[in-house]
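My entries follow in the order in which I looked things up.

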Amino acid sequence: MQTTTTDALPAVVFRDVVKVYNGRVTALDHVSFEIARGATVALLGPNGAGKSTAIDTMLGLRTPTSGQVRVLGMTPSAAVAAGKIGGMVQTGGLPEGAKVSELVGLFRQLYRDRRSLRELLRLAGITDLADRRADQLSGGQTQRVRFALALAGHPDLLFLDEPTASLDVEARREFWQSVQAIAEQGTTVLFATHYLDEADANASRIIVASHGRVLADGTPAQIKGYTSIRTVRFSTPEPDTSVLLRLPGVGDVLTSDGVVTLRTADADATLPALYALGRPVRGLEVGGGGLEEALLALTSDDRAPGADGYPGPGRAVPATSGPAGHSASGPAGHSASGPTDDPASMMTKAG
Amino acid sequence: MIAFLRFELVRTLRNVRFLVMLVAFPVLIYLIYAKQHGMSQGLTVATLLLVSMAVYSGMGSAMFASGPQLARERQNGWMRQLRISPISTRGWFAAKLVQAILMIIPGLAVLMVLALTYGHVHLAAGRLGELLAVLVLGTIPFCALGLVIGLLFDTQTAQVAQMITLLVMAFLGGIFIQWSDLPHGMQLIGKLLPSYHLAQLGWNAAAGLPLAMSDVAALAAWTAALGLIATWRWRNESTTA
């Protein structure tokens, strides 16, 4: 039924899209990008970056204040009505009183082009949940059922808004395997996440967003280049900021109550020099180049990534990089920790 | 739409306690009062009360069939999930209406059986058929009303809003007390409500009197208005999640 002309169009076109809530909060601030057919793209950013708003807009759940959104060459609502889109939105709960198999069965029947019930249960890893009541599942199980619903109609384009939020490590791995299998069948996938490692491992392109703007757009390798910054934290009596600032690689020094936080572009050079100062250094932690750091590097100036990725000396360190302020990367540190759910360690591995 | 309707019915029927509670109250009232002697509006008490309780039960079932559940599912995000499926606004609305209409049948059936046996109500087959048709079709505006309440109120307030609406409908519509006994101002308000017109149609059908077109028109107007509000809210629903 699809003509070749619409197949040649990009899967998603975002042209100068603005979304303002209640006339005050700007969730999307002149955002433009295109997503090619068959691509797997991550939308990466901290909470409040506008990721969900962008996805809701592409799904027709929200209308942009201005700008143009095209999905598969159509308006979002036309694409949804045509059954071409599958989506896992945030807070997409399940109804009361229905069994998982009934729920998935219903969604199959709402689409003309549908996967078999068995395939859906298998793809989402919920075969053993088929006879369970959908309103009595755990968060992770609910998430997987919603994944099955998103796949029910054999979508050309799949939107996943923080799809692994309540999955454990094993379920995550299985989830991304299924996504990969679907992508290999030609489905375009756009997912939102605030984990750089998740974006790195599963996307061929990463769009980094913050405060409603696109900060960077490139391959995972390019994006990771922004995150070479490390946070070094330790306590020492009477720290001398001017000395610490002269250590190799160090860009910022923040001290509070004898706790020093350095941000360095070259931790390997900074640490020997720090110990060479001969002053007592206790409780040393090296934190990953978290997303927050990457975003700071991106927002601070227009310097090329990798060359000198931190904000220059003398620039005030924003509150978000203070000891308690990390929302996306958690308390910096644990650079040697194993495969945990801790986003901070994921960032480290990625960087 | 058929698949969606079947899905909605299956999961509602699973909630047996809810179904029993919907029917219990009007049945109880009928059992208490149906044995009273007397005539009013050309009907025996047992017949008059049959219509009143059938209207009350129909209104309640139609509204509670969907309203509070819709409010909960709007809040937990199920509605967003449905909104990004290809189900059309019209398909969703039609399925929800049919679901609510089917929900009034248990209450109606129990009351009818009670009236014909316990209440010794005698109605010719034709008149009974007319009455049933009026009672079923006449609850359509209340089905839409339940949807509107579920779409406008949140989980906590939807239940209360339904109850208040139902009681106002019942009292001012002349179902719990005779409309002519109401204060003048309330009579005027009552006459605007769909419950008043449905009850009039019901009593007229039971008494073998001609049905007034004005009553039918009023119910149709309510249905149209509430249907527009419900479909408009469904289309624009995305802000709560």
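This is a predicted model: local features need pLDDT of at least 70, side-chain atom pairs count only at pLDDT 80 or more; totals for chains, interfaces and linings use all residues.

**Entry 1: chain A overall.** I count two residues as in contact if their C-beta atoms, placed from the backbone, lie within 7 Å. With that rule I took the contacts in chain A between residues at least 6 apart in sequence, and found that 70% of them join residues at least 24 apart. For reading my labels, residues are numbered from 1 along each chain as its sequence is written, while chains are lettered from A and ligands numbered from 1 in the order in which they are written.

I then asked how many helices and strands chain A has. There are 13 helices and 13 strands in chain A, where helices (H or I, at least four residues) and strands (E, at least two) are DSSP runs numbered from the N terminus. I call a residue buried if 20 or more other C-beta atoms lie within 10 Å of its own, exposed if 12 or fewer, and partly exposed in between, again with C-beta atoms placed from the backbone. Of the 351 residues in chain A, 49% are buried.

Entry 2: I found an open sheet in chain A with the strand order 2-1-4 and antiparallel pairing. Its edge strands are strand 2 (25-35) and strand 4 (66-71) of chain A, each pairing on one side only. The twist from one strand to the next averages 20°; such angles run from 0 to 180 degrees between N-to-C directions, and axes are lines fitted to C-alpha atoms, for helices over the stretch in contact.

Strand 1 (residues 12-21) of chain A pairs with strand 2 of chain A over 7 bridges, in the antiparallel sense. In strand 2 of chain A, I35(A) is the bridge partner of V12(A), and E34(A) is that of V13(A). The hairpin of these two strands has 3 residues between them, and N22(A) takes a positive phi near 50° there. Strand 1 of chain A also runs antiparallel to strand 4 of chain A, joined by 5 bridges. I noted that V13(A) stands opposite R70(A) in strand 4 of chain A.

**Entry 3: a sheet of 4 strands.** Which order do the strands of this open sheet take? I read 11-12-10-13 in chain A, with antiparallel pairing. Strand 11 (250-256) and strand 13 (282-287) of chain A are the edge strands. Neighbouring strands of this sheet are turned by 15° against each other on average, direction ignored. Strand 10 (residues 230-235) of chain A and strand 13 of chain A are antiparallel and share 4 bridges; T231(A) has G287(A) as its bridge partner in strand 13 of chain A.

**Entry 4: nonpolar cores.** A nonpolar core is a set of buried Ala, Val, Leu, Ile, Met, Phe, Trp, Tyr and Cys residues joined through C-beta atoms within 7 Å. The largest has 80 residues, and L43(A) and F159(A) are among those that touch the most other members. A second, separate core of 60 residues includes A34(B), L201(B), W222(B) and L226(B).

**Entry 5: where the chains meet.** The contact takes 27 residues from chain A and 23 residues from chain B. On the chain B side, helix 1 (2-13), helix 3 (45-75) and helix 4 (78-83) each supply at least two residues. Helix 1 of chain B gives the most, with 6 residues.

Entry 6: Helix 8 (residues 140-152) and helix 9 (residues 155-172) of chain B pack at an angle of about 145°, with their axes 9 Å apart. The residues making this contact include L145(B) and I149(B) of helix 8 of chain B, and A158(B) and A161(B) of helix 9 of chain B.

Note on methods. Two strands pair if DSSP finds at least two bridges between them.
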